[in-house]
Structures are given as structure tokens and as C-alpha cells.
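Colleague: Please take a close look at one part of this model for me. I would like to hear about the ligand site, with its wider setting on either side.

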Amino acid sequence: MNNSDRQTLIALRDVSRHYQTGDETVKALDGVSLTIEHGEFVAVMGQSGSGKSTLMNILGCLDRPTGGEYKVNGHDVADLTPDQLAALRLKTFGFVFQRYQLLANLTAQENVALPAVYAHTPKEQREQRAAELLDKLGVGVRMHHTPSEMSGGQQQRVSIARAMINGAEVILADEPTGALDSATGVQVLDMLKQLNEEGVTVILITHDAEVAEHAKRQIHIHDGKIQSDSADGKGQTSSADAPKATPAPLKPFRSVSALVSIGTALQSLKNNWFRTLLTLLGIVIGVAAVVAMMAIGEGGKQQVLQRIESMGTNLLLIRPGGGNNRNSGDTATLSVEDAEALAKLPGIEAAAPERNTRATVRFGSRDFRGRARAITPDYLVVKDWSMSQGTFFTEDDMSSLAPVVVIGQTIVDQLFVNGENPIGQYVFLSNGIFQVVGVLEAKGAAGGEDMDEEILIPLTTGMVRIFGREYLSSITVSIEDTDEIEEAEALVTQVLTQRHGAEDFTVRNTASLIEAITETQDTLTWLLGSVAAISLFVGGIGVMNIMLVSVSERRREIGLRIATGAKPGDILQQFNIEALVVCCLGGVVGLVLGGTVAFIIGQMNIAIAYSLTPPVMAFVSAVLVGLVFGHAPARKASRLNPIDALAED
Ligand code: ADP
Ligand code: MG
């Protein structure tokens with residue numbers, strides 16, 4: 001490019017920067033006019049507090065003047081958007097700080113490559129260019145070391161390489177040798193000199209006259225004003241006034257891709273793995289709780305429903321006791337005659353009286369405790385059960401008080417272990433000897449309960465031999481037409497009330513039972529679910545809290561990213577994605593943990609029902625938690641003032 005076509009690189013006209021602290025105005029810069037052309041090597045000198053850093057921040061577009069005009073390559077910075085300023089920082093300027101400002105968790109190469117992310121340089125190219133620069137600056141062998149493993153001089157070379165990675169036109173170095181011994185300082189200055197000879201403009205800020213000697217031009221400032229400029233009278237300052245073509249508009253860079261942000265997020269989460277773990281924990285527990293609790297709640301519900309449905313849906317269940325003592329099985333109100341009367345009613349298929357207890361049945365040296373029911377042959381009809389072996393007892397057995405028993409498959413398995421045919425065998429039941437006449441067809445487990453533990457004996461035999469009293473535990477009525485169950489229920493209630501002279505019994509139909517139980521179980525499930533959801537919410541607050549801490553702790557990193565060209569939007573995205581990644585990770589771990597917990601609980605004989613909705617809902621909630629609770633910290637990060645952040649030690 002021809003030098004005369006080029007815009008003046010830097011042109012300040014009457015620039016001031018005033019700070020308002022209370023009633024007092026601090027004039028950090030006060031009417032500074034200055035031009036710097038491409039390829040210059042300028043030292044800005046002055047005592048501490050004279051305004052050097054303020055000037056550098058304005059030159060580097062980290063800060064805006066409160067008065068006057070500043071043009072970079074013909075662009076008036078007052079007209080530029082924050083994103084355009086970021087583009088200027090990215091492409092035109094490279095910062096070198098007194099305290100190097102390298103990120104402690106990254107290697108030298110990664111530190112150097114960092115600003116190239118915002119220029120969309122592909123990863124391989126970034127790494128290669130970083131390696132080349134480090135080689136050139138004589139620290140190639142330290143490429144894979146972290147800053148803590150390097151000397152001050154080496155770190156400063158790394159930071160110079162970082163300033164150069166995006167092909168900066170200007171290096172702004174604020175006291176670059178301030179933290180180095182003089183020999184190392186001279187090496188660093190030589191390096192800057194070499195870059196200047198290759199065409200890079202260097203603006204060096206120092207309070208040290210010896211250091212300033214290395215520059216071609218020295219500017220002294222004092223109390224925010226230029227005191228002297230070695231270029232004065234050499235005609236350079238006038239070029240700012242020469243009319244130049246308006247520069248091409250400055251195009252801001254695209255935001256870095258979400259994929260790159262995810263990579264950055266994973267890296268920073270890895271660097272702070274313990275904190276990450278703590279953050280994850282809230283989400284993990286929340287999601288796992290939702291998944292496990294809902295599985296247990298659903299399981300309980302389905303278990304109860306299964307048990308009821310296995311009883312049949314066309315049944316009325318009549319139990320003794322009404323009103324306050326509805327569950328007391330020992331109330332002597334239902335009789336065999338009641339059952340006989342009900343069986344004769346229209347619309348009723350059968351009425352099966354039952355008296356039951358748990359009893360031990362023994363064969364030889366083995367015994368088993370099962371459910372003993374004294375019933376009539378009608379019971380088989382009502383329950384719709386069938387036989388696998390032998391026969392059911394008959395009306396004759398009933399009238400002769402025969403000591404016969406029909407058993408379920410579990411009893412057969414437990415007692416006849418040597419493969420004996422159970423039919424015709426004699427077993428002990430409540431001190432009496434009973435002959436096995438039949439085996440029920442196996443029904444398996446329903447709702448977590450073994451349905452094959454049945455010990456069935458004739459009602460009459462049972463009343464006399466086992467119970468000794470003449471009242472029933474229940475009457476099960478089957479209806480001919482399920483649609484007329486309500487009418488049948490009313491009729492049964494009416495007839496029994498008439499017979500007893502009082503409503504000293506309860507009638508339940510299985511349909512209404514299912515409804516009532518479904519309702520209570522649903523309530524319970526949602527109760528469990530909301531407790532779990534609250535823990536997810538608390539987890540979200542934890543994420544926000546830890547992200548806020550993280551933003552405060554990483555102020556220097558954020559400041560550095562902004563100084564090297566990140567737009568506020570890039571920072572916002574980075575922290576949003578970090579929160580999102582934490583929550584997604586927590587969600588996945590939570591799903592696995594919740595599923596495992598539910599599985600283990602399922603192994604402990606507690607009913608579990610898996611469905612897709614709770615885990616999907618929990619995961620989506622975790623993602624939403626990340627979006628919502630990560631936003632405030634991310635916004636805080638994107639609004640950080642890089643000057644303050646980088647000034648901290
Ligand atoms: P130098 O880098 O030459 O030591 P600075 O540019 O840092 O000086 O500061 C110049 C003056 O501006 C100092 O008096 C300093 O106290 C003041 N100053 C700098 N930053 C701020 C600020 N954020 N608020 C108020 N005063 C400030
Ligand atoms: Mg300073």
C-alpha cells in the first residue's frame with residue numbers, strides 16, 4: 001500500500017477524559033492533540049498519575065474520550081458502535097500489559113491463540129500461527145507450559161505474541177518492562193524494536209527515561225497534558241488536518257459460533273472442576289429427584305390399579321360395618337342368608353359370601369402361610385377363576401362339611417417340592433386335616449402381590465372348623481351388565497338395609513374405587529413431583545450464585561477477552577452457554593442417577609413405573625434453568641468494564 005494513500009493511523013484532537021468523583025472533576029487527560037503515523041515507534045512518558053494509562057485506554061478503544069475527537073485510520077471512534085470498537089481492538093490493536101495478563105489455566109500457545117477465536121481463525125490455523133509467533137519471539141520451547149512455569153521475561157514475550165496473533169497494526173504496551181529486571185527488559189524492548197522494523201507501529205508507555213530511549217519518538221505528558229513531543233516541528237502533526245478520502249465502513253465481526261463457545265465453556269468448567277461439580281450437584285439432585293419420585297409415584301398408582309383390576313370390574317364389594325367403623329372386619333352384620341337373598345335379585349349374576357384369614361398350611365415338614373378363604377362354589381364364578389388340576393369343591397361338599405381344600409400354585413410349589421401330585425394329598429390347616437381336591441390356575445403377581453397364595457375351603461367347613469362363628473368378612477356380588485353397576489349398587493344397598501334395619505355395611509364398586517384411588521395417587525405423584533421441581537429450582541439458584549461468583553473471579557479473563565476483541569455479545573454468549581452446558585451436563589447425570597435410583601428401588605420390591613414425560617420434563621426444566629438463571633451472570637460479565645478488570649491485581 002502506498003503510504004500517501006493511507007489514512008493517518010492515529011489522530012487525537014483536543015481529547016480530554018474527565019472523571020467525576022463526587023464534586024471533584026479529575027482531568028486525567030486534558031486537551032491532548034497528537035498524531036501517530038503508520039510504522040512509528042513512540043514512547044509516551046510521564047510520572048505516575050500523569051494520564052498515560054488513560055491515554056492508552058483511549059487509543060486502544062477500551063475507553064472513550066469525554067471531549068475532543070479521536071480518529072483511527074480515519075474512523076471517528078465517537079461514531080462507532082460497541083461492536084465496531086471491538087472489531088478495531090481485534091484487528092488494529094494489540095495490548096501488552098505490565099503484568100502480562102496471561103490466563104493461568106492455559107498454556108502459552110493457548111494464551112497466544114485466544115484472541116484469534118474472535119477473528120474466526122480456524123483452530124488449526126490459530127495454533128499454528130501461535131506456535132510460529134512463539135518461535136519467532138524465542139519462547140517456542142515453552143509453548144506447552146502454563147504461565148506459572150515461565151519466567152517474567154518469557155511471559156511478556158508470550159503476551160507480545162498474543163498481541164500479534166490477529167496481525168495488529170499497533171502494539172500498545174503499558175509499562176511492558178515494569179515488572180522485569182533490566183536485562184530481560186532490554187530483550188523485550190529489542191523484540192518490540194524488531195516488530196517495529198517489520199512495520200508494526202509501537203506505542204510504548206513508560207515512566208522510565210532509559211526505556212523511552214529505545215523509541216524513535218518521545219512524548220512527555222504531565223497532568224493530562226502533552227508537555228513535549230520530540231516530533232514537534234518535523235511536520236508530522238500537520239498530516240491530521242490534510243483531507244483524506246472517507247474510510248470504508250468498519251465491519252464488526254460475527255459472533256463466535258456456539259460450538260466454539262461450548263468448547264470454551266467445557267474448558268473453563270474443566271479448569272474449575274470442583275466448582276463445576278458443586279454447581280452440577282444442584283441440578284443433578286433436582287433432575288434425579290423428579291425422575292425417581294415420579295417413577296415411584298406412577299409405580300404405586302399402577303400397582304393399586306392392577307390389584308383392583310385383577311379383582312374384576314363388574315363387582316360390588318360388600319363389607320360389614322358402616323359409618324365410622326367401616327373397616328372393622330369383626331363386625332357381625334353380614335350373614336350367609338344376606339348373600340343368598342342378594343343372589344336372587346334381578347341383574348345380579350352371583351353373590352359370593354366369604355370369610356377369610358391368614359393361615360398356615362402344612363405338608364410333611366414344610367409349611368406355608370397363605371390366604372385362607374371359606375367360600376362357596378359361586379366364588380369361582382364371581383372371580384372368574386379356573387382350575388389347572390383336580391376339581392373345585394361342590395354343593396355336596398358344602399352340605400357335608402367336607403374337609404377339602406383347593407390351593408394356589410405357590411402353595412403347590414412350596415409344599416410339594418419333590419414333584420408329588422398334590423391332588424389327593426392330605427395337608428394340615430388350623431389343626432385339621434384337609435384333602436387337596438384341586439389346584440387353581442396360576443395368576444402370577446398383580447400389583448406386587450402374589451395372587452397364587454390361595455387356600456380355599458368350603459364356607460360351611462370353614463365356619464365350623466376354623467372360624468367357629470357365623471358371620472362373613474365380605475360378600476362379593478357380580479353384576480350381569482357392567483353399565484348397570486350404579487343401579488345394582490342401589491338395589492343391593494336397599495335390600496340389605498331392609499334386612500338389617502340399618503345401614504351397617506358398606507358397598508363399594510370397583511369402578512368408583514379405581515377412580516378414588518387414581519385421584520389420590522395422582523395427587524401424591526404430583527406432590528412428589530413438585531417437591532422435586534422445587535429442588536430443581538433451588539439447583540437453578542445455585543447455578544446463578546456460582547456463576548456470579550465465577551464472573552467476579554474471572555474479571556481479568558473477561559477484561560482480557562474484551563481488550564483482545566471480544567464483543568459484549570461474545571461474552572454474553574460465552575457465559576450463557578457455560579450455564580447451559582452445566583445444566584445440560586447436570587441434566588444428563590441427573591437422568592442417569594434418577595433412573596438408577598428408581599431401578600434400585602424397583603429391585604427392592606417397590607413398584608416402579610417408567611414413563612417418558614417426567615425425564616423429558618426434568619431435562620427441559622434443567623435447560624430452562626440454565627437459560628434463565630445463567631442470564632443475569634452472563635449479562636453482568638458482558639457489561640464488565642475491561643479497564644477496571646485489567647487494573648486489578
Ligand atoms: P498513569 O497511568 O500515568 O499512572 P492514569 O492514566 O492511570 O495515570 O491516571 C491519571 C489520573 O486519572 C490519575 O490522577 C488517576 O487518579 C485518575 N484516574 C484514573 N482512572 C480513574 C477513575 N476510574 N476514576 C477517577 N479517577 C481516575
Ligand atoms: Mg498507568
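**A helix pair, the ligand shell and the cavities**

Modeller: Start with helix α4 (residues 123-136), where Glu 127 and Lys 123 both lie, four residues apart, about one turn of the helix. Helices here are DSSP runs (H or I, at least four residues), strands likewise (E, at least two), numbered from the N terminus. This is a predicted model: local features need pLDDT of at least 70, side-chain atom pairs count only at pLDDT 80 or more, and totals for chains, interfaces and linings use all residues. Residues are numbered from 1 along each chain as written, chains are lettered from A and ligands numbered from 1 in written order, and side-chain values use heavy atoms, without hydrogens or water.

Back to the pair. The side chains of Glu 127 and Lys 123 form a salt bridge, 2.8 Å from N to O. The term needs a side-chain nitrogen of Lys or Arg within 4 Å of a carboxyl oxygen of Asp or Glu. Side chains of opposite charge can pair when their charged atoms come close. By that rule there are 19 salt bridges.

Now the ligand. Which residues surround ligand 1? Tyr 19, Thr 21, Val 26 and Ala 28 belong to the shell (a heavy atom within 4 Å). So do Gln 47, Ser 48, Gly 49, Ser 50, Gly 51, Lys 52, Ser 53 and Thr 54. By element, β1 (10-21), β2 (24-36) and α1 (52-59) each supply at least two shell residues. Helix α1 gives the most, with three. By class, the shell has three nonpolar, eight polar and one charged residues. Gly counts as polar in this scheme, and Tyr as nonpolar.

Taken alone, ligand 1 exposes 560 Å², and the protein buries 62% of that (Shrake-Rupley, 1.4 Å probe).

The structure holds two cavities of 30 Å³ or more. A cavity is a set of points on a 1 Å grid where a 1.4 Å probe fits but cannot get out; lining residues have an atom within 4 Å of a point.

Strand β6 gives the most, with three. This lining divides into seven nonpolar, three polar and two charged residues.

Definitions and conventions:
1 Å grid on protein atoms, 1.4 Å probe; cavity = no way out; pocket = protein on both sides within 12 Å on 5 of 7 lines; lining within 4 Å. Points joined across faces, edges and corners; volume = space filled by probe spheres on them.
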